[in-house]
Amino acid sequence: MFERIDYYAGDPILGLVEKFLADENPNKINLGIGIYYDENGVMPVLDCVKTAEKRIADSISARPYLPMAGLPGHRKGCQDLLFGKDAQVLKDGLVATIATIGGSGALKIGAEFINEWFPQSKCYVSDPTWGNHIAIFEGSDVEVGKYPYYDTATGGLRFDEMIAFFATLNKDDVILLHPCCHNPTGLDLTHAQWDTVLNVIQEHELIPFMDIAYQGFGEDMDSDAYAIRKAVDMGLPLFVSNSFSKNLSLYGERVGGLSVVCPTTDEAERVFGQLNSMVRRIYSSPPSHGGHVVDIVMNDAALHEQWIGEVYAMRDRIKAMRLKLKSVLEAKIPNRNFDYITRQNGMFSFTGLTPEQVERLKSEYSIYMISNSRMCVAGLNTNNIDYVANAMADVLKD
Ligand code: KET
C-alpha cells in the first residue's frame with residue numbers, strides 16, 4: 001500500500017543534528033543548526049524566562065484552548081518589538097497580528113494566505129536563503145523563484161543585480177527579505193540599501209514579506225527592525241514573520257508571530273479574520289506555555305529590560321568569537337583574507353569552504369557545519385575555538 005511513497009532524504013539542518021548526536025567523539029562540536037550556546041557550550045535558559053516560568057508555575061491553572069490568534073499579550077509583544085511601542089500604525093489599528101508556532105508557523109500561515117488570496121503571485125527568495133523558506137512556500141503551492149543576493153566570487157552583495165531583478169517582477173509578486181542577520185550568509189543591507197530596495201518594491205507594487213528570526217543579534221532591537229519600520233513609514237503593505245526561538249532561547253516552545261500591515265483598519269480586520277480561519281483549519285490554536293512566557297517577558301517593563309540585556313550579551317559574545325576566530329585564522333594562514341568573518345552579522349558565517357572541506361571537518365574532526373559552508377558562530381567558545389580554527393586551517397591548506 002505504501003510502496004509508492006517517496007523516500008525522505010532528511011533535512012540538511014535537522015538531519016545534521018541527528019548525526020551530531022550519534023557521534024561518539026568527545027571533542028565533537030555542533031556548528032550546524034542556528035542555536036546559541038553560551039561560553040560553557042550550554043544552551044542558556046534566560047533569567048527573564050526563569051522568572052516568567054516561576055510566575056506561571058506559582059499560579060498553576062487550567063489549560064483552556066487559547067484563541068486561534070494566541071494570547072493578546074503575545075500578539076502585542078510581537079507588535080511592539082517589530083514596529084516600536086508607540087508606532088502610529090499600531091494606534092491606527094492597521095496591523096493584523098497572530099501568535100504562531102515559531103517563525104516557521106508564521107511563514108506557513110503567510111504562505112497559505114498568499115496562495116489563497118494572491119494566487120497569481122510568485123514568491124522570490126534570496127539566492128541563497130534558509131532552505132525551509134523554499135520548502136514552506138512550495139508546500140503551500142506558491143511558485144518560488146530566486147533573486148540575486150550573494151556574490152560567491154567577492155563574498156559581497158550582488159546589490160545592483162538584485163535591484164535590476166526586482167524591477168522585472170510583476171505587481172503583487174512577493175519578495176521574501178531578511179531584515180537583519182541574513183541566513184545563511186550573515187550579509188545584511190545598509191539602511192541606504194534598504195531604502196533603495198523598498199523604493200523599487202513600491203514603484204513596482206511588489207509585496208515585501210520580511211522574515212526576522214534574529215532580532216537583537218545584529219546591531220540592536222531597533223536598528224535590526226529598520227527595514228520593517230521604513231516600509232511602514234512608506235505606507236507599503238507588508239508581511240512580517242518573527243521568531244522568539246533564538247532571542248528568548250525558547251526553541252522548543254515554538255513561539256513566533258505573523259503580522260500583516262494593511263492600508264485601512266477595515267482591511268486589517270478582514271486579514272485578521274482570514275488568518276484566524278487559516279489557523280483553525282491547520283492547527284486550530286497555538287500552544288499556551290510559550291505564549292504565556294512571551295506575554296510576561298514582553299509586557300513586564302523590568303523583565304523586558306532584563307531580556308534586552310540578555311540578548312545583547314549573547315550578541316556581544318558572538319561578536320567576540322568572530323574576532324577571535326578571525327585572528328587565529330589570520331595567524332595560521334597569513335596569505336588569506338578572513339575579513340568576511342567580522343563583516344557578517346548574526347549567528348552565521350558563510351565560510352566559503354567547499355562541500356568536501358565541510359565533509360572533512362565532520363569526518364576527521366567531528367566539527368559539524370552545513371554543507372553550503374554555513375557555520376553557526378554561536379556554537380564557538382574559548383574552549384573549542386582553537387580546535388575549530390586549527391581544523392579549518394588544516395582543511396583550507398591542503
Ligand atoms: N526564519 C529563519 C530565517 C530562520 O533561520 C529560522 C530558523 C526560522 C525562520 C524558523 O524559526 P522557528 O521559530 O524555529 O520556527 N533557523 C534555524 C533552525 C532551523 O533550521 O529550523 C537554522 O537555520 O539553523
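Helix α6 is followed by Asp141, a residue with a positive phi near 65°. The model is predicted.

- Helix α6 spans residues 131–139, and His133, Ile136 and Phe137 are buried in it. These three residues lie on the same side of α6, because the arc they cover around the axis is only 90°.
- The pairing of β3 with β4 is parallel and runs over five bridges. Within this pairing, Asp127 has Pro148 in β4 as its bridge partner.
- Strand β4 is largely enclosed by the rest of the structure, because four of its five residues are buried.

**Salt bridges within a helix**

- The count of salt bridges in the model comes to 18.
- One of them joins Glu112 to Lys108, with 3.1 Å between the closest N and O atoms. Both residues belong to helix α5 (residues 102–117), where a spacing of four residues separates them by about one helical turn. Lys108 counts as partly exposed, at 27% relative accessibility.
- Another joins Lys362 to Glu359, and here the closest N and O atoms are 3.4 Å apart. These two residues are three apart in helix α14 (residues 355–365), again about one helical turn.
- An α-helix has 3.6 residues a turn, so residues three or four places apart point the same way.

**A salt bridge between helices, and a network**

- The side chains of Asp195 and Lys230 form a salt bridge with an N to O distance of 3.9 Å. Asp195 lies in helix α8 (residues 191–203) and Lys230 in helix α9 (residues 226–233), so this pair ties together parts that are 35 residues apart in sequence.
- Asp195 is partly exposed, at 21% relative accessibility, and Lys230 is also partly exposed, with a relative accessible area of 25%.
- A network of salt bridges links Lys76, Asp80 and Lys85.

**Cysteines**

- The count of disulfides in the model is zero.
- The cysteine sulfur closest to that of Cys180 belongs to Cys181, and at 4.0 Å it is too far for a bond. The cut-off applied to a pair of cysteine sulfur atoms is 2.5 Å.
- Cys376 is in no disulfide either, since the nearest cysteine sulfur, again that of Cys181, is 11 Å away.
- Cys180 is buried, with a relative accessible area of 4%. Cys376 is likewise buried, at 1% relative accessibility.

How values were computed. Residues are numbered from 1 along each chain as its sequence is written. This is a predicted model: local features need pLDDT of at least 70, side-chain atom pairs count only at pLDDT 80 or more; totals for chains, interfaces and linings use all residues. Side-chain values use heavy atoms; hydrogens and water are left out. A salt bridge is a side-chain nitrogen of Lys or Arg within 4 Å of a carboxyl oxygen of Asp or Glu. Buried means under 20% relative accessible area, exposed over 50%, partly exposed in between (1.4 Å probe, protein chains only). The arc is that of the directions from the helix axis to the C-beta atoms. Two strands pair if DSSP finds at least two bridges between them.
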